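Please keep the sequence and the 3D view open as you read.

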Amino acid sequence: MSTAARTTGRRGFTVGRSEDATHPDTIRAAISEFFATAIFVFAAEGSILSLGKLYHDMSTAGGLVAVALAHALALAVAVSVAVNISGGHVNPAITFGALLGGRITLVRALFYWVAQLLGAIVASLLLRLTTGGMRPPGFSLASGVGEWHAVLLEAVMTFGLMYAYYATVIDPKRGHVGTIGPLAVGFLLGANMLAGGPFDGAAMNPARVFGPALVGWRWSHHWVYWLGPFLGSGFAGLFYEYLVIPSTEAAAHGHAHQPLAPEDY
């Protein structure tokens, strides 16, 4: 088991210790989240810029499928490259759900959030540089979609994403399903984009929204893409941790905190 894995005798929210902030495993995990998030955002936002370069009208069924597929594959790879180091969150909302479930300490979560946001910003800056100054389009609400409708939509989609992450990456009983965990999470992201993309872009990831918003300076309805995902992931983390995973199962596995190799969950 990783030396960063602190075991406790109880389940639930944990602040962590001050020395965790300088522990090598915490630093390595944060660096892993930075690069994984940058990889994801570069490919995901890049697919939208590429589609805009090829076609004047991107609001087609084919364009939606292409962008959803790019997001699905990019997230699957990003989670895969980070899962054995940081847990492969690649998403502040996923980190929040894991935090409420007691799978990560608050100290480590703060490092993850900073790393994820920086990764998204760097990826967006690189896109603007490599595309000759194209402005990242970011996310916005479609005509007729209210802010609170979008919050609910983001919450529902992110609940599913967090639930899938818990079931395939964290759950001690996931067995061989853990092998395809990153792919399952990526595929669900893509499916949710097909369902919610035409309404609000289907972000499910505050970092994914924040990087392009900052670089492209597009802040319309930005709060929606923070509140919705955090509500959905928080509820999913609590639900799965305390209602799906038996307390005896969590105790048997020491309720270890991330980052861990998959077999150590």
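1. The expected span of a helix is 1.5 Å times one less than its number of residues. Keep in mind too that this is a predicted model. Helix H4, residues 106-130, has 25 residues, and its first and last C-alpha atoms lie 36 Å apart, close to the 36 Å expected. Just after H4 comes Gly132, with a positive phi of about 75°.

2. Next, have a look at a helix pair. Two packed helices are described by the angle between their axes and the distance between the axes. Helix H5 (residues 147-170) packs with H6 at an angle of about 170°, and the axes are 9 Å apart. The angle is over 145 degrees, so H5 counts as roughly antiparallel to H6.

3. Which residues make the contact of H5 with H6? On the H5 side they include Ala150, Leu153, Met157, Leu161 and Val169. On the H6 side, Val185, Leu188, Asn192 and Phe199 are among them. By class, the residues of this contact divide into twelve nonpolar, five polar and two charged.

4. The largest pocket holds about 550 Å³. Its lining has 21 residues, and those nearest the centre are Ile48, Met58, Gly138, Gly197 and Gly201. Two or more lining residues come from each of helix H1 (24-54), helix H2 (61-82) and helix H6 (181-200).

5. Sorted by class, the lining of the largest pocket has twelve nonpolar, seven polar and two charged residues.

Notes. Residues numbered from 1 in each chain as written. Predicted model: local features only at pLDDT ≥ 70, side-chain atom pairs only at ≥ 80, totals over all residues. Heavy atoms only, no water. 1 Å grid on protein atoms, 1.4 Å probe; cavity = no way out; pocket = protein on both sides within 12 Å on 5 of 7 lines; lining within 4 Å. Points joined across faces, edges and corners; volume = space filled by probe spheres on them. Helix = DSSP H or I, 4+ residues; strand = E, 2+ residues; numbered from the N terminus. Nonpolar A, V, L, I, M, F, W, Y, C, P; charged D, E, K, R; others polar. Axes fitted to C-alpha atoms, helices over the stretch in contact; angles between N-to-C directions. Parallel < 35°, antiparallel > 145°, perpendicular 65-115°, else oblique. Contact = heavy atoms within 4.5 Å.
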